[in-house]
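User: I am new to this structure. Please walk me through the terms and what backs them up.

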Amino acid sequence: MIRSLGIFGLILGLLSGSLMELSAQKSLVAYFSLLGGITQSVAREVHQQVGGDIFRIEALEEYPSSYREVVDRAKRERDQQLLPPLRTTLDSLPYDTIYLCTPIWLGQLPAPVRTFLATYYFEGKVVVPIATSGGSKIEKLIPHLKRAIPSARLMNGLWIHRNEVDNSTNRIACWLATLKPLAP
């Protein structure tokens with residue numbers, strides 16, 4: 001039977017009660033990514049697998065196209081603890097589960113993601129972090145997330161290296177099947 005179902009059948013067979021419980025709730029995939037960025041690809045794949053709504057977190061002032069200029073701006077935003085205004089916002093956050101897809105910039109959350117987290121009320125909401133980067137692991141983000149949204153219920157996160165994004169579909173599915181809350 002497993003052969004006829006293929007990998008996705010096997011993955012569906014592995015679904016834990018926590019994922020089935022999460023999928024029954026109202027969910028949002030919120031993501032920040034530079035235009036055409038890798039995090040956008042990951043967010044779309046997560047959205048494909050979990051459903052719900054999808055929302056792109058965008059700074060009002062666009063980021064430059066030059067990598068060096070993006071790094072300089074990210075350093076300035078980090079060092080000055082800036083919360084840049086967002087281009088679009090949600091009227092409210094009527095979701096039970098938020099899949100937060102973000103790159104890791106300079107070992108931290110990008111400023112627009114910090115603005116998003118500071119804008120909404122996360123008490124009792126399940127937040128599922130998914131991070132992309134060229135080297136920094138998701139464990140770097142967890143302390144920042146715990147400080148930014150202390151009343152949320154954080155789940156174990158997923159880190160995808162920027163060179164592995166194109167082949168991450170099965171990995172995302174397997175990870176979703178084993179979601180569990182982070183230790184406090």
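User: What makes the largest pocket a pocket, and how much space lies in it?
Analyst: About 800 Å³ of space lies in the largest pocket. On a 1 Å grid over the protein atoms alone, a pocket is an open set of points with protein on both sides within 12 Å along at least five of seven lines, whereas in a cavity a 1.4 Å probe fits but cannot get out. The volume is the space filled by probe spheres set on the points, which are joined across faces, edges and corners. This is a predicted model: local features need pLDDT of at least 70, side-chain atom pairs count only at pLDDT 80 or more, and totals for chains, interfaces and linings use all residues. Residues are numbered from 1 along each chain as its sequence is written, and side-chain values use heavy atoms, leaving out hydrogens and water.

User: Which residues line the largest pocket?
Analyst: Its lining has 31 residues; Leu34, Tyr67, Val70, Pro103 and Trp105 lie nearest the centre. A lining residue has an atom within 4 Å of a point. Helix H3 (38–50), H4 and S4 each give two or more residues to this lining. The largest share, 4 residues, comes from H4. Helices (H or I, at least four residues) and strands (E, at least two) are DSSP runs, numbered from the N terminus.

User: Which residues of H4 are called buried, and why are they placed on the same side?
Analyst: Buried means under 20% relative accessible area (exposed is over 50%, partly exposed in between; 1.4 Å probe, protein chains only). In H4, Val70, Val71, Arg73, Ala74 and Glu77 are buried. They cover an arc of only 165° around the axis, so they lie on the same side of H4. That arc is taken from the directions from the helix axis to the C-beta atoms. H5 is among what covers them.

User: What makes a nonpolar core, and which residues of the largest one touch the most other members?
Analyst: A nonpolar core is a set of buried Ala, Val, Leu, Ile, Met, Phe, Trp, Tyr and Cys residues joined through side-chain atoms within 4.5 Å. The largest has 34 residues, and Leu28, Leu93, Leu100, Phe116, Leu117 and Phe122 touch the most other members. H5 gives the most to this core, with 4 residues.

Methods. Contact means heavy atoms within 4.5 Å.
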